[in-house]
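Hi everyone, thanks for making time this morning. I'd like to walk you through one structure, so let me put it on the screen.

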Amino acid sequence: LGAPPTGSPAAAAAFKPDYNAVRSAIEDLLDTNPDYDDGSYGPVLVRLAWHTSGTYDKNTNTGGSNGATMRFAPEANWGANAGLSVARDLLEPVKQKFPWISDLWTLAGAVAVEAMGGPHIPWRPGRSDYAPEQFVALPDGRLPDGDKNAKHIRDIFGRMGFNDQEVVALIGAHTLGRCHSDRSGFEGPWTNAPTTFSNLFFKELTENKWHKKKWNGPLQYEDKSGQLMMLNTDMYLLWDKKFKPYVQQYAKDEEAFFRDFAAAFGKLLELGVPFKEDAPAAASPTPKQ
Ligand code: ZEM
């Protein structure tokens, strides 16, 4: 929890962080630029929350969202994080307005999912902002590569502590947003409704037909229209015998997807965070819905 805004002990004791005010400030930012992508910063905020958390390694208990270490090199400049400066810069005025907050990126991801029509994400504060000299930089390579296979997916997400069902639910976030050739090299959205949280990613994956895209860029798949895309890793959710049943379930049952996504995304956002013992489990300052 960030320091209260004034030095006096009495003021510190009386200080109550207003997370609802921060939530509103984040929501107000989402649709401020109609020229940005599909008109919403929501998807890139979800990606920021995922990448700040997805560095976690359960074996060494290193990485994760505690510390907000993506503010610093080398993590800020990892290829996997290309383009996320857009999301970090967007949130800077919120940090200026609420200097006490040190959980901003994960909260923004949760708020964005909810604002785009998704489930309520269990979220609680407890992270700190590390100073540059306070931590050991993580090795690059902890985040997944889109051109790899099911083994890679299991290696990366298994290291964070996720099972197959959680992995499939989490990657359902690709219902949001798009790939940018100047960020990842890949190009295009997964669905025709990239600013609405839904199970459309799973419907497209199972009901549409996917072919290798013929182009000079990296391996990716496209549908007949050439407008929609899948990463190789997305295709492996369909091709892998153990992932596939969850893909089929979520394509049919949006409620199940919402429930499982909320649980898995809430878990992701908490990886490696040293919550105080008396902190309520999976509490949220605004019990919405
Ligand atoms: Zn993504 N993701 N992701 N992802 N992702 C991209 C975009 C977005 C993978 C991946 O390589 C890429 C999860 C899992 C995995 C989002 C959320 C989540 C892009 C495009 C790539 C290449 C980046 C660009 O060019 O801007 C791989 C390989 C994954 C696992 C195997 C999980 C888990 C996510 C959240 C829970 C989101 C929302 C986007 C869209 C970002 C945007 O700017 O529109």
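This is a predicted model: local features need pLDDT of at least 70, side-chain atom pairs count only at pLDDT 80 or more; totals for chains, interfaces and linings use all residues.

Now to the overall layout. The protein is divided into domain 1, covering 12-142 + 266-270, and domain 2, covering 150-263. Between the C-alpha centres of the two domains there are 22 Å. As for the interface, 27 residues of domain 1 are in contact with 21 residues of domain 2. Which elements give two or more residues to the domain 1 side? Those are helix 3, at 42-53, and helix 11, at 254-270. Helix 3 provides the largest share of that side, six residues. If you like to think in residue classes, the domain 1 side has twelve nonpolar, nine polar and six charged residues.

Helix 3 comes back when we turn to the ligand. There are 25 residues around the ligand, and the ones that come nearest are Pro-43, Gly-146, Ala-173, Gly-177 and Ser-184. Helix 3, helix 7 (164-171) and strand 1 (178-179) are the elements that give two or more residues to this shell. Of these, helix 3 gives the most, with five residues. Both domains take part: the shell draws at least three residues from each of domain 1 and domain 2. By class, the shell splits into 14 nonpolar, seven polar and four charged residues.

Last stop, the packing of helix 7 against helix 11. How do we describe two packed helices? We use the angle between their axes and the distance between the axes. Here the axes of helix 7 and helix 11 come within 8 Å and cross at roughly 100°. An angle of 65 to 115 degrees counts as roughly perpendicular, and therefore helix 7 and helix 11 are roughly perpendicular to each other. On the helix 7 side, the contact is made by Gln-165, Glu-166, Ala-169 and Leu-170. From helix 11, the contact residues are Phe-257, Asp-260, Phe-261, Ala-264, Phe-265 and Leu-268. Sorted by class, this contact has seven nonpolar residues, one polar and two charged.

Methods
Residues are numbered from 1 along each chain as its sequence is written. Domain bounds come from an automatic or database domain assignment. Two residues are in contact if their C-beta atoms, placed from the backbone, lie within 7 Å. Helices (H or I, at least four residues) and strands (E, at least two) are DSSP runs, numbered from the N terminus. Ala, Val, Leu, Ile, Met, Phe, Trp, Tyr, Cys and Pro count as nonpolar, Asp, Glu, Lys and Arg as charged, and the others, Gly among them, as polar. A residue is near a molecule or strand if its C-beta atom, placed from the backbone, lies within 6 Å of it. Axes are lines fitted to C-alpha atoms, for helices over the stretch in contact, and angles run from 0 to 180 degrees between N-to-C directions. Angles under 35 degrees count as roughly parallel, over 145 as roughly antiparallel, 65 to 115 as roughly perpendicular and the rest as oblique.
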